[in-house]
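Welcome! Take a moment to look over the sequence and the model, and then let us walk through them together.

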Amino acid sequence: MRLSMPLTRRAMLATATALPLIKAGPAAAAGNVAEAFVDDNIHKGLAILSDKKLSVTQRRDQFETLLLGLVDVRRIGLFTLGQYRRTAPPEDVEAFINAFKNYATAAYQSYFAKYTNQTLKVTGSTKRNDTDYIVQTLLIDPNSSQQPSEVDFRVRTDTGKPVLVDVAYQGIWLSLEERDQFVAFLGQNNGNVRTLIAHLSELAVNLGKPPQ
Amino acid sequence: MRWRQGLLFGLWGLVLAGCATTPPSPEAANDPYEQINRDTLRRNAKVDKYVVLPTVRLYLQMVPEDGRRGVHNFLGNLSLPTIFVNDMLQGELSRAGKSMWRLVINSTVGIAGIWDPASKIGIPGHGEDFGQTLAVWGVKEGPYLILPIFGPSNPRDATGLLVDAAIDPTNQIHFKHHLWWAAGREYFTLLDLKSQTYQTVQGIQRSSVDYYSSLRNFYRQYRNEQIGNGRNQPQDLPDF
C-alpha cells in the first residue's frame with residue numbers, strides 16, 4: 001500500500017499533466033507549423049537583406065519574391081480598404097491590390113532593412129482559432145545592451161498553407177495602422193480609390209530610393 | 001500651487017473624457033477636433049524642424065551611444081518613484097516591488113541610475129503613468145488630442161501627465177536652482193525621447209499615406225499595449 005499510493009498519485013499526476021497536451025495535440029501541432037513557418041522564412045528574409053554579395057537590384061528582387069510567397073497581400077490589401085472595399089468599383093479594387101503589393105514590398109523592405117544585423121528568436125504562439133495564430137518572437141540586437149524587441153507575426157492557415165497576414169512591433173499592428181491611414185486618406189478624397197492608388201505608386205517609387 | 005492648478009485642468013480633462021462618446025468603428029477615430037489637431041501637428045513639426053531636430057542631430061553626433069544610454073538610464077531612474085506609485089495604484093504589487101528594487105539597486109550600485117545593473121540581474125524596467133492608472137480604473141481615453149510640444153494625447157493621458165508631475169518627488173523638493181533643474185530635466189527627457197525615436201519617426205513619415213492618421217493609430221495601439229502591460233488578448237484583433 002505504501003508503495004502503490006505514491007505510484008497511483010504519480011500516475012494520476014502524469015495523466016492529468018498529459019491530458020491537456022493530448023487534447024491540444026492538433027492545435028499545438030498547427031501552432032508549431034506557424035512557428036516553424038515564421039522561424040524559417042524571417043531568417044531567410046533577414047539573410048537576403050544582410051547579404052553584401054547581392055547588388056541592390058538582386059536584393060530587392062529576391063526579397064520581393066520571398067515576401068510575395070509568404071504574405072497574403074490580397075487579403076491585407078482588402079482589409080486596409082476598410083468600408084471602401086464594399087463601395088469601390090471592382091476594377092479599382094483590383095488596381096488597388098496591385099498598387100498595394102508594390103507599396104507593401106517597398107515598405108516592408110524599408111522596415112526590415114533596419115534589422116539586418118539582428119537575430120530573431122521564436123518564443124511561442126497563441127491560437128485565435130483553428131486557422132489563425134499569433135507567433136511571438138524576440139528581435140535581439142547582439143551589439144546592443146537594450147532589451148530585445150517583441151515582434152509578433154499573425155499567420156493564417158485557412159488556405160491550406162501558412163501565410164503571413166500581419167506583423168506587430170512592440171504591440172503595434174501594421175495592418176491596423178495602414179487601414180486607419182488609407183481610410184482617413186479616402187475620407188479626405190471622397191472615397192476615390194484611384195487617388196489612393198496614385199499616391200501609393202508614388203510612395204513605392206520614393207521608398208525604393210535611398211533616404212535623403 | 002501650480003500643481004493644484006494642473007489638477008483642476010486635469011479634472012476638466014476627465015470631464016471632457018467622460019462626455020466623449022464611443023466611436024462607431026475604430027476608423028471613425030473618435031477625433032472631433034481633427035482640424036485643430038492637424039494644425040497643432042503642423043506647428044509641432046515646425047518646432048521639431050527648426051529647434052528640436054537640429055539639437056537631436058547634434059546630440060547623436062557629439063554624444064557616443066554609451067553616453068546617451070547613461071542619460072536615458074539616469075532619467076529613467078528619476079521616474080521610478082512615479083512608476084512605483086502608479087504600480088501601487090493599479091494593484092500591480094509584483095511590478096511595484098520590481099520598481100522599488102530597481103530604484104534601490106540602480107541608485108546605489110548603478111551610481112545615481114547612470115548604469116542599469118538591475119536589468120542585468122533580471123529586473124528589467126517597465127513604464128507606468130497616471131494615464132495608464134486612470135485607464136485601469138475604467139476611465140475612457142476621450143477624444144484624440146495633439147498637445148503643443150508633447151504631441152499625441154487625449155484628456156485622460158493629459159491628466160496623467162499633470163498628476164505624474166504633481167506626485168514626482170523631485171518636484172516637491174524646492175531648492176535654489178529648482179527651476180533650472182526642472183527645465184533641464186524636461187529638455188533632456190525630450191532630447192532622449194526624440195533621439196531614440198528619430199529614425200523610426202523618419203521612416204513612418206517617409207512611408208505614410210497620411211502621417212497624421214498614422215501617428216494617431218500608432219499612439220492608440222502603443223497606449224493600449226502599455227495599459228495591458230503586454231497582456232492584450234489576441235481575440236481583440238479584427239478578423240480578416
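Contact here means heavy atoms within 4.5 Å. By that rule, the meeting of the two chains takes 47 residues from chain A and 30 residues from chain B. Please keep in mind that this is a predicted model, in which local features need pLDDT of at least 70 and side-chain atom pairs count only at pLDDT 80 or more, while totals for chains, interfaces and linings use all residues. Residues are numbered from 1 along each chain as its sequence is written, chains are lettered from A in the order in which they are written, and side-chain values use heavy atoms, leaving out hydrogens and water.

How much area do chain A and chain B bury between them? About 3200 Å², with 52% of it on carbon and sulfur atoms; buried area is the accessible area (1.4 Å probe) that two parts lose on being put together, summed over both. On the chain A side, R128(A), I172(A) and D180(A) lose the most area to chain B, together 19% of what that side buries.

Now turn to chain A itself. Helix α3 (residues 56-70) of chain A and helix α6 (residues 90-113) of chain A pack with their axes 10 Å apart, at an angle of about 110°. Helices are DSSP runs (H or I, at least four residues), numbered from the N terminus. Axes are lines fitted to C-alpha atoms over the stretch in contact, and angles run from 0 to 180 degrees between N-to-C directions. α3(A) and α6(A) are therefore roughly perpendicular, a label for angles of 65 to 115 degrees.

How values were computed
Helix = DSSP H or I, 4+ residues; strand = E, 2+ residues; numbered from the N terminus. Parallel < 35°, antiparallel > 145°, perpendicular 65-115°, else oblique.
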